[in-house]
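Please read the points below beside the sequence and the 3D structure. They are set out as a colleague's note, one topic at a time.

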Amino acid sequence: MIMTVLSKTVFSQEVLRLTLREAQDYATLNNRNVWNAGLSASEAQKRTWETISAGLPQVNASVDYTNMLGFNMSLLGMNISMPPTSNFQTTVTQLLFSASYWVGIQMSKIGEQMTETALRQAELDVRHQTQTAYHAILIAEKNRDILEQNLENIRTLAQTTEDMVRIGVVEQTDADRLKVQVSTMLLGIMTVERHIELAYNLLRFHLGVDAGTEILLTQTVEELIAAKDANTLLSTTFDPSANYNIQLLEGQIDLAGKQINLQKAAALPTVVAFYNYTYKIATSTFDMAPNHVIGLQANIPIFASGQRHVRTQQARINLEKAQNSRDLVAEQLMMQDRQLRFNLQNAIETFELQKETIELSQRVFESVSRRYRQGVASSLDVTIASAELLQAQTNYVNALMQVFSAQTELEKLLIKF
């Protein structure tokens, strides 16, 4: 379904048009880190089958040729010629019992599960990075729009001031002061434009597309803010066991436990059955070797000078270390959960205050500008009001960025992408 949507939305057009969710889906399909994680998962599956196949029947064949170069064997006064010999042999072996084999299969399956978890972690990371880049672009473009609107207002006032200078109503200093503001805002817009391009390049990197790919974001800041329900996010309970890092550490614990079993299994015997068939192409004068041989072979460990015991102790220590690491990370994640919830709540409150502040600053600027045109206020009053408005707008954009950032971090922790 995702591929169908993306093919219609993306590949049928020259411009890459993406909503936030489409960008995240596109990134999980094309990001090279996710590709590598997927390849590692496939490799782990192959390793599991490799381990399993070691306990299945094994068939080997060989051909030999022996020439004694005319040698005659003397036996009881008789000279017996030794002609060349040649045999074709087929050997079939079957593992009947090996505790290490079964433990190895279990460890391979655990490793396979861990690579699947690592794949999901890579996808989560890419979705997080893509969302962060998407937000960064929208916020930078919002900041540019605000600066351009302020620039238009100041340019209008600057033009009005120039007209007033020509008729002798105000001094040239007033006009110059406004010109400085125009130049400052132009520099600010140029800086923001560079930041926007850098943000687009970062998004292209996460999406796995060429640097020249044109991207159009089809969602606005206002749409994303409206779509995000912070209260629902804050009310969601954090479950450490669902965290991929914890799951990977649980896998390490399982592997450490199996390592103990593997060391114990090394003290148990290994039993192998075999069948050998020999087709005699060329035989010697006295050939007493049978064509068919079947048998059992048992390898029984007896004494290893305490080596296996020491290895088992080491495995137990590694198990305890893995458990401690899991518990430590779980505690850190719980602390992170509380901190991220605090950050989001604080960001929301700050954002609401900044919305009120920007509305007040806008009214003050419009009032001062109107009084300036009427000759009641000075250009300095306009400059101060403009600076206060710009600062309020900057604070608003920063507060918006903090809300997005806090939401994104908490969503990643709760796996809500």
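Does Ser 361 count as buried or exposed?

1. Ser 361 counts as buried, because its relative accessibility is 14%, where buried means under 20% relative accessible area, exposed means over 50% and partly exposed lies in between (1.4 Å probe, protein chains only). The residue belongs to helix α9, which spans residues 307-373; helices here are DSSP runs of H or I with at least four residues, strands are runs of E with at least two, and both are numbered from the N terminus. Leaving aside neighbours within four places in sequence, Ser 361 is in contact with Glu 388, Leu 389 and Ala 392, contact being defined as heavy atoms within 4.5 Å.

2. On the basis of the coordinates, this is a predicted model, in which local features need pLDDT of at least 70 and side-chain atom pairs count only at pLDDT 80 or more, while totals for chains, interfaces and linings use all residues. Residues are numbered from 1 along each chain as its sequence is written, and side-chain values use heavy atoms, with hydrogens and water left out.

3. On the overall form, the protein chain has ten helices and eight strands, and its C-alpha atoms fill a box of roughly 145 × 45 × 40 Å along the principal axes. The radius of gyration of the protein chain is 38 Å, whereas a compact globule of 417 residues would have one near 22 Å; the radius is taken over C-alpha atoms, and the globule rule is 2.2 Å times the number of residues to the power 0.38. Two pairs illustrate the distances within the chain: the C-alpha atoms of Met 73 and Gln 391, 318 residues apart in sequence, are separated by 109 Å, and those of Ile 225 and Ala 298, 73 residues apart, by 70 Å.

4. The accessible surface comes to about 24,100 Å², of which 56% belongs to carbon and sulfur atoms, the areas being computed by the Shrake-Rupley method with a 1.4 Å probe. Among contacts between residues at least 6 apart in sequence, 81% join residues at least 24 apart.

5. Beyond four places in sequence, the contacts of Leu 344 include Ala 230, Leu 233, Val 403 and Leu 410.

6. Ile 225, found in helix α6 (residues 221-227), is partly exposed at 27% relative accessibility. Not counting residues up to four places away in sequence, Ile 225 touches Leu 400, Val 403 and Phe 404.

7. Asn 276 lies in strand β7 (residues 270-282) and counts as buried, at 15% relative accessibility. A polar contact of 2.8 Å joins the side chains of Asn 276 and Thr 91; the term denotes a pair of N or O atoms within 3.5 Å, where within protein one must be able to donate a hydrogen and the other to accept it, and residues adjacent in sequence count only if both atoms are side-chain atoms. Beyond four places in sequence, Asn 276 also touches residues including Gln 89, Asn 291 and His 292.

8. Met 73, in strand β3 (residues 72-75), is partly exposed, with a relative accessible area of 30%. Leaving aside neighbours within four places in sequence, Met 73 is in contact with Met 78, Asn 79, Ile 80 and Met 82.

9. One backbone value deserves a look: Ile 415 has a positive phi of about 55 degrees although it is not a glycine. Most residues other than glycine have a negative phi. Ile 415 lies in the segment after α10 (379-414) and is partly exposed, with a relative accessible area of 27%.
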